[in-house]
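Good morning, and thank you for coming.

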Amino acid sequence: QVQLVESGGGLVQAGGSLRLSCVASGSIFSISAMGWYRQGPGKGREQVTSISSSGWTYYADAVKGRFTISRDNAKNTLYLQMNSLKPEDTAMYYCAASRRDYFRSDDIYWGQGTQVTVSS
C-alpha cells in the first residue's frame with residue numbers, strides 16, 4: 001500500500017501563488033506516475049497534471065503555463081507550483097500515484113486532499 005499526504009493548500013487572492021506538496025510513504029518502490037487531480041464545487045474530479053517516472057509531464061489546458069509539477073524522488077515528494085491563480089482554480093486538490101506510468105481509474109492511490117480557495 002501507498003500513503004499520500006498533501007499539504008500547502010489555503011486561501012489566496014487571484015493572481016497569487018501556492019505550492020502544494022505530497023509526501024509518499026509505504027510501498028513507494030511500486031510508484032511510477034504521480035499527479036494532481038482536483039474537484040471544484042459541484043464538479044467531477046479532473047486530472048490537472050501528471051509526471052511519469054522518466055519525467056514526462058502532462059498538463060490540462062486550463063493550467064498550462066501557470067502550474068508546474070515536479071517530483072523529488074530522494075524525498076518521496078511531489079510538488080505543484082501554482083502561479084497566476086484564478087477563482088476557477090478553487091477546488092480540493094488530490095495527490096495521486098499509480099503503479100503504471102499512466103493513471104487507470106480503478107488503480108490509483110489517493111491522498112486525502114488539500115483545499116485551495118482563490119478569491120477574486
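**Aromatic rings and a charge**

Let me begin with R45, whose charged end sits over the ring of W110, 4.4 Å from the ring centre. Such a placement requires NZ of Lys or CZ of Arg within 6 Å of the ring centre and within 35 degrees of the ring normal. R45 also lies over the face of Y94, at 3.8 Å from the centre of that ring.

Before I continue, two remarks on the source. This is a predicted model, in which local features need pLDDT of at least 70 and side-chain atom pairs count only at pLDDT 80 or more, while totals for chains, interfaces and linings use all residues. Residues are numbered from 1 along each chain as its sequence is written, and side-chain values use heavy atoms, with hydrogens and water left out.

Now to the rings themselves. Rings of Phe, Tyr and Trp (its six-membered ring) pair if their centres lie within 6.5 Å; planes under 30 degrees apart count as stacked, over 60 as edge-to-face and the rest as tilted. How many aromatic pairs does this rule give? The count comes to three. In one of them, the rings of Y37 and F103 have centres 5.7 Å apart and planes at 85°, so this pair is edge-to-face. Y37 belongs to strand β4 (residues 34–39) and F103 to the loop between β9 (91–97) and β10 (109–110), so the pair ties together parts that are 66 residues apart in sequence. Strands here are DSSP runs (E, at least two residues), numbered from the N terminus; helices would be runs of H or I with at least four residues.

Are Y37 and F103 buried or exposed? Both are buried, where buried means under 20% relative accessible area, exposed over 50%, and partly exposed in between (1.4 Å probe, protein chains only).

The rings of Y94 and W110 also pair: their centres are 6.4 Å apart and their planes stand at 85°, so this pair too is edge-to-face. With Y94 in strand β9 and W110 in strand β10, the pair ties together parts that are 16 residues apart in sequence. Y94 has a relative accessible area of 13% and is therefore buried, whereas W110, at 33%, counts as partly exposed. Y37, Y94, F103 and W110 form one aromatic cluster.

Next I turn to S50, found in strand β5 (residues 45–51). S50 is buried, with a relative accessible area of 8%. Which residues does S50 touch, not counting residues up to four places away in sequence? They are M34, G35, W56, T57, Y58, I69 and F103, contact meaning heavy atoms within 4.5 Å.

Strand β5 pairs with β4 in the antiparallel sense over six bridges; two strands pair if DSSP finds at least two bridges between them. Within β5, T49 stands opposite W36. The two strands β4 and β5 form a hairpin with five residues between them, and G42 in the turn has a positive phi of about 70°.

Three bridges join β5 to strand β6 (residues 57–59), and these strands run antiparallel. Here S50 stands opposite Y58 in β6. The hairpin of β5 and β6 likewise has five residues between the strands, and G55 takes a positive phi near 100°.

**An open sheet**

Four strands form an open sheet in the order β1-β3-β8-β7, with antiparallel pairing. The edge strands are β1 (2–7) and β7, each of which pairs on one side only. Between β3 (residues 18–26) and β8 there are six bridges, and the bridge partner of S21 in β8 is Y79.

**Loops**

Most residues other than glycine have a negative phi. Against that background, N76 has a positive phi near 55°. N76 is placed in the loop between β7 (67–72) and β8 (77–82) and is partly exposed, with a relative accessible area of 28%. S84 also has a positive phi, near 50°. S84 lies in the loop between β8 and β9 and, at 41% relative accessibility, counts as partly exposed.

At 53% relative accessibility, G15 counts as exposed. Leaving aside neighbours within four places in sequence, G15 is in contact with S84 and L85. The C-alpha atoms of G15 and D101, 86 residues apart along the chain, are separated by 33 Å.
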